[in-house]
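Welcome! Here is a short briefing to read alongside the sequence and the 3D view.

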Amino acid sequence: MAWSYDYTPYDRPPEWQWHEKALLRPTVLVQLEGSTPAPETFVALVDSGCDHVLAPEWVARLAGADPDPNREVSIQIAGAPRRVRFGDLTLKLCSPATGIGDAASAIVHEWRTQVGFFLDWSDPPYSVILGQCGFFDQFTVVMSRLAQRLTVEPAEFHDEHYPPGPAEGTPDLRPTFVP
Amino acid sequence: MEQQAIIDIQRKWAGTWVAVKDGEVVDARPTPDALVLALRERDIEGATVFRCPSGDEPELVGLG
């Protein structure tokens, strides 16, 4: 089973008029649940360059999350160091058939993961950032700018179609390049 | 929601956080805290929340 999501379009500022290509972001719709389900659905940026699932603190309040003071770190993001405190939540991935603003969301998959909540950044540009640990380790994610879509495949999809990588937590014994 | 409809919302509500439900913007505020507070006060649940970039802000790369 795989789920394909259209990229979300954005307007480019006027100074980009010379640029022929649309501004598109890989996004999915997600819901979060801590001690209570957040009443809202969030447009989440799928960000392969981020190692975590991140969200602002107001999302923690909505989801009844209880970030753990023993799991508080600083990360450098958006040009500044930010304090982030992690808590455990259930993430729910909405079906591709669920559009922005659809009150009745079909959930295709849900999983537990830790989410880092910004303590000192109230309004980052996205409500949820889906990074490597907590999203990319749950699925194989295929992105195509040409198709303008991202497809979420089962985790085992990668090793069934490409040379398998090392399992999580095991040493990578593949040969390394020596110039 | 069609992609053009998403663009139209971004243009109309540039610089705000919006809540969309059943194809309509049901509220828009300058900050997400204000938006969520308004949604709770109006007893609105099930909306999709996202930010509409303002027209004069630099293009975001990743999280900037």
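Strand E5 of chain A and strand E3 of chain B (residues 48-51) pair across the two chains in the parallel sense, over two bridges. In this pairing, A:Phe42 stands opposite B:Val49 of E3(B). Please keep in mind that the model is predicted.

**Where the chains meet**

- Chain A gives 33 residues to the contact, and chain B gives 29 residues.
- On the side of chain A that touches chain B, strand E2 (8-10), strand E5 (41-46) and helix H1 (57-63) are the elements that give two or more residues.

**A look at chain B**

- Chain B, the partner that brings E3(B) to the pairing with E5(A), has two helices and three strands in its secondary structure.
- Along the principal axes, the C-alpha atoms of chain B fill a box of roughly 35 × 25 × 20 Å.
- Of the 64 residues in chain B, 31% are buried.
- Among the contacts in chain B with a separation of 6 or more, 41% are between residues 24 or more positions apart.

**A three-stranded sheet in chain A**

- Chain A holds an open sheet of three strands in the order E1-E12-E11, with antiparallel pairing.
- Why is one side of E1 and of E11 left without a neighbour in the sheet? Strand E1 (3-6) and strand E11 (139-144) of chain A stand at the edges and each have a single partner strand, so one side of each has no neighbour there.
- On average, neighbouring strands of this sheet are turned by 20 degrees against each other, with direction ignored.
- Strand E12 (residues 149-154) of chain A pairs with E1(A) in the antiparallel sense, over four bridges.
- To find this pairing in the 3D view, look for A:Ser4, whose bridge partner in E12(A) is A:Thr151.

**The nonpolar core**

- In soluble globular proteins, nonpolar side chains tend to be buried together.
- Here, the largest nonpolar core has 53 residues.
- Which residues have the most contacts inside this core? They are A:Val30, A:Ala44, A:Val59, A:Val128 and A:Ile129.
- Strand E8 of chain A (residues 80-94) supplies the largest share of this core, with six residues.

Technical notes:
Residues are numbered from 1 along each chain as its sequence is written. Chains are lettered from A and ligands numbered from 1 in the order in which they are written. This is a predicted model: local features need pLDDT of at least 70, side-chain atom pairs count only at pLDDT 80 or more; totals for chains, interfaces and linings use all residues. Two strands pair if DSSP finds at least two bridges between them. Axes are lines fitted to C-alpha atoms, for helices over the stretch in contact, and angles run from 0 to 180 degrees between N-to-C directions. Two residues are in contact if their C-beta atoms, placed from the backbone, lie within 7 Å. A residue is buried if 20 or more other C-beta atoms lie within 10 Å of its own, exposed if 12 or fewer, and partly exposed in between; C-beta atoms are placed from the backbone. A nonpolar core is a set of buried Ala, Val, Leu, Ile, Met, Phe, Trp, Tyr and Cys residues joined through C-beta atoms within 7 Å.
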